Amino acid sequence: MTDIDGSKSVGALDRIEEIIAYVEQAKAVPMSRACKVDRAEMIAMLEELQNELPGDLRRAEAMLQERDNIINAGEREAERIIAEGESEHARLVSRHEITVSAEHEGNRIIAEARGEAQRLRDEVDEYVDTTLANFEQFLHRALSGVERGRDKMHTLREIGSFAPAQQEQFEDEKPLPQI
């Protein structure tokens, strides 16, 4: 994805992947499943993700509006075709010598218009369903990533943080051998 100024933009899913990679690469705390991460950096990454999600939601709303516009345009076109068919039907019926033929032709045009209208509705429904399913999967993955990030942050908060002098002292020390 590229922004208007030509710079590469990072989407919410990419941001989640960055956070996961950051936590996976964090230094392990000896004799535990916990790890050490820079709290300020992690919070900044999560805030960036939080700021990006509304944009994705606006795009989803725009897709829904586009779907509504397509449906409305399809319905207007169907109504126009039906009105045209009914008009043609009425015109043909008014002529006595071709009354039977006109009635059949008008019915055919109306049936064709209704079939076309239904086909358009089906296509729009399929497009919207696919788009919403994809967006649902995206939101599910995004939410899962955010939940994992929050869980890791809670774990880190439960572990507590060391003062800078203590942290340097522990970094210089070798880990204790495991028995």
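Me: What share of the contacts in the chain with a separation of 6 or more is between residues 24 or more positions apart?
Reply: That share is 64%. Contact here means heavy atoms within 4.5 Å.

Me: And what sort of model is this, with which pLDDT limits?
Reply: The model is predicted, with local features needing pLDDT of at least 70 and side-chain atom pairs counting only at pLDDT 80 or more, while totals for chains, interfaces and linings use all residues. Numbering runs from 1 along each chain as its sequence is written, and side-chain values use heavy atoms, leaving out hydrogens and water.

Me: OK, the fold. How many helices and strands are there?
Reply: The chain has 4 helices and 2 strands, and reading along the sequence gives α-β-β-α-α-α. Those are DSSP runs numbered from the N terminus: H or I with at least four residues for helices, E with at least two for strands.

Me: How much of the chain is buried?
Reply: Of its 179 residues, 25% count as buried. The cut-offs are under 20% relative accessible area for buried and over 50% for exposed, with partly exposed in between, using a 1.4 Å probe and protein chains only.

Me: Which residues have the most contacts inside the largest nonpolar core?
Reply: Ile19, Tyr22, Cys35, Val37 and Met42 do, in a core of 19 residues. H1, H2 and helix H3 (99–159) each give two or more residues to this core, and H1 provides the largest share, 6 residues. By nonpolar core I mean buried Ala, Val, Leu, Ile, Met, Phe, Trp, Tyr and Cys residues joined through side-chain atoms within 4.5 Å.

Me: What does Val37 touch, leaving aside neighbours within four places in sequence?
Reply: Val37 is in contact with Tyr22, Ala26 and Leu156.

Me: What lines the largest cavity?
Reply: Met63, Leu64, Arg67, Tyr127, Val128, Thr131 and Leu132 line it, around about 40 Å³ of space. H2 and H3 each supply at least two lining residues, with the largest share, 4 residues, coming from H3. By class, that lining has 5 nonpolar, 1 polar and 1 charged residues. The classes put Ala, Val, Leu, Ile, Met, Phe, Trp, Tyr, Cys and Pro as nonpolar, Asp, Glu, Lys and Arg as charged, and the others, Gly among them, as polar.

Me: And which residues line the second largest cavity?
Reply: Ile19, Ile20, Val23, Gly145, Arg148, Gly149 and Lys152. H1 and H3 are the elements giving two or more residues to that lining. The volume of the second largest cavity is about 30 Å³, and its lining has 3 nonpolar, 2 polar and 2 charged residues.

Me: Is Gly145 buried or exposed?
Reply: Gly145 counts as buried because its relative accessible area is 6%. Gly145 sits in helix H3, and its C-alpha is 5.8 Å from that of Ile16, 129 residues away along the chain.

Me: What about Arg15: buried or exposed?
Reply: Buried, since its relative accessible area is 11%. Arg15 is in helix H1 (residues 12–24), and its side chain makes a polar contact with the side chain of Glu18 at 3.2 Å. A polar contact is a pair of N or O atoms within 3.5 Å; within protein, one must be able to donate a hydrogen and the other to accept it, and residues adjacent in sequence count only if both atoms are side-chain atoms.

Me: Which loop holds Met31?
Reply: The loop between strand E1 (27–28) and strand E2 (35–36). Met31 has a positive phi of about 60° although it is not a glycine, and it counts as exposed because its relative accessible area is 65%.

Me: Last one: where does Arg91 lie?
Reply: In helix H2 (residues 39–94). Arg91 counts as partly exposed because its relative accessibility is 41%.

Definitions and conventions
1 Å grid on protein atoms, 1.4 Å probe; cavity = no way out; pocket = protein on both sides within 12 Å on 5 of 7 lines; lining within 4 Å. Points joined across faces, edges and corners; volume = space filled by probe spheres on them.
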